[in-house]
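Biologist: Please take a close look at a single part of this model, the second of the chains as written, and describe how it is built.

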Amino acid sequence: MTETVLEVSDLVKHYPLTQGVVFRKQVGAVRAVDGVDFRLGRGETLGIVGESGCGKSTVAKMLVNLERPTAGSIRYKGEDITRLSGRALKAVRRNIQMVFQDPYTSLNPRMTVGDIIGEPYDIHPEVAPKGDRRRKVQDLLDVVGLNPEYINRYPHQFSGGQRQRIGIARGLALRPEVIVADEPVSALDVSVQAQVINLMDRLQSEFDLAYVFIAHDLSIVRHISDRVGVMYLGRIVETGTDTEIYDHPTHPYTQALLSAVPVPDPRAREHRERIILTGDVPSPTNIPSGCRFRTRCWKARERCALEVPALAVPPWFAAAGGPAAHDSACHFAEEAHVVPDGHGGGPG
Amino acid sequence: MLLEVRDLHVEFHTRDGVAKAVNGVGYGVDAGETLAVLGESGSGKSVTAQAIMGILDVPPGRITGGEVVFQGRDLLTLKEDERRRIRGAEMAMIFQDALSSLNPVISVGDQLGEMFTVHRGMSRKDARAKAVELMDRVRIPAARERVRQYPHQFSGGMRQRIMIAMALALEPALIIADEPTTALDVTVQAQVMELLAELRREYHMGLILITHDLGVVADVADRIAVMYAGRIVESAPVHDIYKAPAHPYTRGLLDSIPRLDQKGQELYAIKGLPPNLMDIPPGCAFHPRCPLARDVCRTDEPPLYEVSATRGSACHFWRECLDD
Amino acid sequence: MPDHQHEPERAIAGTGMGGTMDLGVDEAETLEKRPGVPDGRGPQEPPRSLWSDAWRDLRRNPVFIVSALVILFLLFISLWPSAIASGSPLKCDLSKAQQGSRSGHPFGFDGQGCDVYTRTVYGARTSVAVGVLATLGVAVLGSVLGALAGFFGGVWDSVLSRITDVFFAIPVVLGGLVLLSVITSNTVWPVIGFIVLLGWPQISRIARGSVITAKQNDYVQAARALGASTSRLMLRHIAPNAVAPVIVVATIALGTYIALEATLSYLGVGLKPPSVSWGIDISAASPYIRNAPHALLWPSGALAVTVLAFIMLGDAVRDALDPKLR
């Protein structure tokens with residue numbers, strides 16, 4: 001295994017629900033993130049997938065210290081960054097940067113592209129001497145495939161894909177080791193998505209970056225990730241390499257999710273078995289007891305309501321080994337093949 | 001043909017100039033058929049739909065030419081009150097954002113019932129009963145109790161079902177669904193698409209599905225019309241197009257999506273950006289981004305060549321594209 | 001069925017702002033050419049900030065041009081009234097009372113025999129002084145308090161909201177009658193002070209709201225993730241993006257403050273003779289409205305045009321700063 005750059009253990013974020021204006025009384029909590037663990041190696045990509053409200057964006061915000069966890073730790077090279085403040089926090093921020101989802105709200109419309117990409121150097125002046133900055137910004141523009149002459153332009157003069165490149169350039173400015181990307185391509189058109197994903201791929205090898213890539217699009221996550229974690233209601237329910245998760249899923253939620261993804265091949269529709277989940281995701285203020293997925297699970301039995309399944313390799317797979325032997329938080333984990341083979345992106 | 005759009009042109013007049021959003025679009029849908037209109041933002045796919053429905057904002061929009069023939073009549077020549085009678089009763093639309101398409105201060109039962117009181121002159125009580133029936137039909141659990149609830153009390157998927165129920169209320173011959181599942185999660189998206197397909201079969205309706213999602217199209221469409229810069233660049237039965245696209249843009253789109261069944265190498269990326277609608281390139285609008293482009297593409301606008309009896313491609317070199 | 005225009009909105013937004021799509025580097029092309037010098041195509045348009053866009057819009061807006069000309073003229077005559085009016089506004093001759101226009105006295109004379117033209121010209125100074133200074137005071141006080149409440153939220157925000165509610169509950173004219181009647185100083189300052197006191201909550205609400213909106217933008221989060229200090233977030237990211245609504249409301253309010261000064265002076269609690277103010281003149285002329293309507297008409301007309309000019313300017317500025325409203 002490569003050197004671990006980020007290690008998250010038992011990460012929790014609860015937002016208190018209060019009642020009353022003067023005498024606030026806590027009446028409950030939104031359990032947005034409810035015990036998440038993972039590790040990220042240098043130069044590696046961890047994909048986190050899940051549906052809206054599963055807490056994946058809250059995890060992203062905690063990783064870059066925009067939200068403070070209620071409990072748990074985030075260790076960057078062994079140091080817990082969740083309790084840092086002031087100078088120490090600022091130093092850590094240099095190494096973990098974020099790329100945002102919406103290229104239209106993530107760039108300050110009143111600042112030039114040069115000011116936006118150069119802002120990291122204003123905040124961390126020790127990284128680049130003043131005289132050097134313009135050249136550094138132009139280098140960054142070039143690295144992300146934009147014309148360095150456009151340094152004095154404003155964000156609204158660029159298209160969505162180009163703006164996302166500007167956001168990536170800003171994230172790269174401090175030469176971080178980790179980039180947290182929260183749905184970085186979901187706001188872009190299909191033909192532009194591929195350009196940005198290729199760019200992120202290239203930058204990863206060029207700068208030895210580790211990515212935490214958060215998305216709801218399972219195909220994109222598979223394309224970019226070395227390992228994948230599937231989140232449901234604030235927890236990771238299954239995690240493994242891309243092959244383990246996509247070709248040998250053992251958690252019913254992962255199976256349902258994968259079977260629901262429309263694949264771009266009309267031949268798949270005849271012989272494809274869809275697992276259609278019933279009902280809606282429960283509210284994070286009122287998480288079911290035991291296994292949180294049991295209210296929508298077709299396999300649920302009494303045990304699921306009583307016992308919280310641990311995220312671990314199910315013992316019956318551990319003995320046999322093979323790709324099904326990966327972490328899965330299900331009492332009745334079973335391998336299933338839900339992704340149709342050989343569906344093509346076109347004839348190529 | 002239930003609906004046939006012929007050579008439709010729509011412009012938008014803005015303070016910076018004229019944006020040519022739709023430039024000679026033609027497509028048709030039969031009863032019981034699903035036509036997917038595929039395109040990226042700015043391709044004109046939604047503007048075409050709005051022109052068909054008659055809900056285009058005029059100004060700034062303006063229909064500058066073409067025909068929309070629905071059940072034998074050209075809708076563009078009808079008076080506004082005649083069109084209003086067709087809207088809702090004969091053709092209905094489903095939007096992407098169900099929350100803002102529903103009135104937040106009226107209960108869903110009353111909103112559904114309104115379709116019957118206004119269009120069919122039913123009493124409130126009968127309309128309420130109809131509303132419950134519709135909610136049952138789009139599989140909203142406990143319809144009888146929930147009919148009194150307000151839109152915000154429903155989840156995203158349930159709201160989209162209510163929108164579908166509303167569109168279905170008067171059993172229209174044609175439904176236009178504009179990115180109906182884009183705002184929904186995958187698992188919910190599957191439920192909603194399944195429901196739509198089923199209802200279409202049951203009522204033998206024509207369905208125009210406007211989307212950018214090649215996966216959704218492959219799942220439900222019978223025919224596909226691919227739009228680029230306000231034109232149809234390829235039109236074909238669904239199986240043909242996925243097997244062998246006859247237009248380089250379609251091919252590029254198909255190649256640029258990552259696959260679910262394997263990790264894959266670097267993605268193919270269509271170079272460049274979609275054109276500015278105020279300054280569409282001459283000749284073939286796709287030529288600046290096209291790997292097959294030659295001199296003729298820069299000067300001559302390709303017509304929709306007949307590839308087969310059911311298939312057309314607006315590429316001078318469609319044979320080459322097909323053989324590739 | 002409600003209509004929705006996601007697509008055309010995007011289509012327009014994508015093209016309508018002028019060259020969103022056409023300026024760019026050819027995305028994949030430069031990727032292939034990397035590491036590369038700029039591609040052959042030079043920039044097709046110069047850098048355009050949102051402010052310069054707004055200014056370009058304003059210059060083309062006839063409403064802006066007309067109102068700006070009126071306001072420039074007002075500023076000019078309030079600085080140099082003698083440039084267009086030779087006499088003194090206080091030189092009155094009772095024997096000419098209520099007389100109509102005549103050569104050298106185009107607007108005629110009022111009830112005291114003072115020249116209406118001269119008094120109308122000199123009255124502009126009071127109005128402009130009150131309007132401009134009161135607006136400055138209101139804008140500074142209101143936006144600072146509102147921005148702090150919006151940015152920090154919590155207790156500070158609740159307290160400020162309650163205070164603004166209290167001020168909103170005070171009826172303006174009644175408050176003026178009570179508060180100003182105890183003040184004897186016959187300058188513009190008590191009037192300005194009164195307007196600032198009652199006017200700041202309006203701006204503070206606007207500033208609070210637009211700071212809260214701006215604060216939620218991802219670029220603020222991005223700067224925070226970089227480790228930006230609070231003052232940097234405030235001054236560089238939030239303030240420039242929150243200031244537009246404040247400018248618009250302040251411009252429109254300026255017109256209404258001028259009207260308020262006239263009202264207070266009319267009621268006898270604002271400025272008092274021998275000060276010169278349109279409100280005083282309107283008040284003085286109203287008993288003679290049948291005999292000498294001109295003495296009422298000219299100052300009221302000047303007041304109406306001035307107020308209208310500022311409100312129109314505010315509207316034009318709003319249109320220019322917020323293209324979404326179009």
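Modeller: A residue is taken as buried if 20 or more other C-beta atoms lie within 10 Å of its own, and as exposed if 12 or fewer do. The model is a predicted one. By that criterion, 55% of the 324 residues of chain B count as buried. The secondary structure of chain B consists of 13 helices and twelve strands. Its C-alpha trace spans about 65 × 50 × 40 Å along the principal axes. The radius of gyration of chain B is 21 Å, which agrees with the value near 20 Å that a compact globule of 324 residues would have. Among the contacts in chain B with a separation of 6 or more, 64% are accounted for by residues 24 or more positions apart.

One residue can be followed from there. Gln265(B) belongs to the loop between α11 (248-256) and α12 (295-299) of chain B. Gln265(B) counts as exposed because it has 8 C-beta neighbours inside 10 Å, and the cut-off for exposed is 12 or fewer. Arg161(B) lies 104 residues from Gln265(B) along the chain, and the C-alpha atoms of the two are separated by 39 Å.

Four strands form an open sheet in the order β2-β1-β4-β5 (chain A), with antiparallel pairing. The edges are taken by β2 (25-41) and β5 (79-80) of chain A; each has a single partner strand, so one side of each is without a neighbour in the sheet. Strand β4 (residues 71-76) of chain A runs antiparallel to β5(A) and is joined to it by two bridges. Opposite Asp80(A) in β5(A) stands Arg75(A).

Conventions
Residues numbered from 1 in each chain as written. Chains lettered and ligands numbered in written order. Predicted model: local features only at pLDDT ≥ 70, side-chain atom pairs only at ≥ 80, totals over all residues. Rg over C-alpha atoms; globule rule 2.2 N^0.38 Å. Contact = placed C-beta atoms within 7 Å. Pairing = 2+ DSSP bridges.
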